[in-house]
Amino acid sequence: MHLLQILLPCADNNGQAFPDEDFEKVKQELADRYQGVTAYMRAPAEGVWKNGSASNGERDNVVIFEVMVDRLDLDDWRARRHDLERAFRQETVVIRYMPIELI
């Protein structure tokens with residue numbers, strides 16, 4: 001089994017917040033396709049990264065969606081990532097996965 005996490009920014013690169021409906025749409029699509037989703041939306045996480053020579057780094061508030069799958073279809077997830085990059089006007093959307101075992 002694998003746990004997949006999608007990190008989506010709360011706002012675009014100009015600081016314009018994405019409407020709640022955008023996140024609800026992603027949540028519903030994941031729930032319908034994978035029979036469940038966990039969405040961390042109430043207390044966004046803060047991402048910080050270095051971008052070129054910026055000394056303080058860049059910052060983003062992000063929401064996280066998680067789904068568990070028995071079979072990992074990387075081509076499908078890459079296509080989903082590209083769709084999310086277009087929808088959320090991002091150069092890169094992080095989708096990561098890890099093997100898990102339920103206890």
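The model is predicted, so local features are described only where pLDDT is at least 70 and side-chain atom pairs only at pLDDT 80 or more, while totals for chains, interfaces and linings use all residues. Residues are numbered from 1 along each chain as its sequence is written, and side-chain values use heavy atoms, with hydrogens and water left out.

The protein contains 2 helices and 4 strands, where helices (H or I, at least four residues) and strands (E, at least two) are DSSP runs numbered from the N terminus. Read from that terminus, the elements follow the order β-α-β-β-α-β. Of the 103 residues in the protein, 31% are buried. Here buried means under 20% relative accessible area, exposed means over 50%, and partly exposed lies in between (1.4 Å probe, protein chains only).

How do the two helices sit relative to each other? Two packed helices are described by the angle between their axes and the distance between the axes. The axes of helix α1 (residues 20-34) and helix α2 (residues 74-87) come within 13 Å and cross at roughly 165°. This makes α1 roughly antiparallel to α2. The axes are lines fitted to C-alpha atoms, for helices over the stretch in contact, and the angles run from 0 to 180 degrees between N-to-C directions. Angles under 35 degrees count as roughly parallel, over 145 as roughly antiparallel, 65 to 115 as roughly perpendicular and the rest as oblique. The crossing of α1 and α2 is right-handed, meaning that the near helix is turned clockwise from the far one by less than a right angle.

Helix α1 also includes Leu30, which counts as buried at 2% relative accessibility. The C-alpha atoms of Leu30 and Glu66 lie 8.8 Å apart in space, although the two residues are 36 residues apart in sequence.

Charged pairs come next. Side chains of opposite charge can pair when their charged atoms come close. A search of the whole structure finds 6 salt bridges, each defined as a side-chain nitrogen of Lys or Arg within 4 Å of a carboxyl oxygen of Asp or Glu. One of them joins the side chains of Asp12 and Arg89, at 3.0 Å from N to O. Asp12 lies in the loop between β1 and α1 and Arg89 in the loop between α2 and β4 (94-99), so this pair ties together parts that are 77 residues apart in sequence. Asp12 is buried at 12% relative accessibility, whereas Arg89 is partly exposed at 47%.

Other bridges sit within a helix. In α1, Glu24 and Lys27 are 3 residues apart, about one turn of the helix, and their closest N and O atoms are 3.3 Å apart. Both are partly exposed, Glu24 with a relative accessible area of 39% and Lys27 with 25%. Helix α2 holds Asp83 and Arg86, also 3 residues apart, and their salt bridge spans 2.5 Å from N to O. Asp83 is partly exposed at 43%, while Arg86 is exposed at 59%.

Finally, which residues form a nonpolar patch on the surface? They are Met1, Met68 and Leu102, with about 300 Å² of accessible area together. Patches are made of residues with over 30% relative accessible area and no salt bridge, like charges being joined within 9 Å and nonpolar side chains (Val, Leu, Ile, Met, Phe, Trp, Tyr) within 5 Å. Accessible areas come from the Shrake-Rupley method with a 1.4 Å probe, and for residues only the protein chains shown count as cover. Met1 lies in the segment before β1 (2-9) and is partly exposed at 35%.
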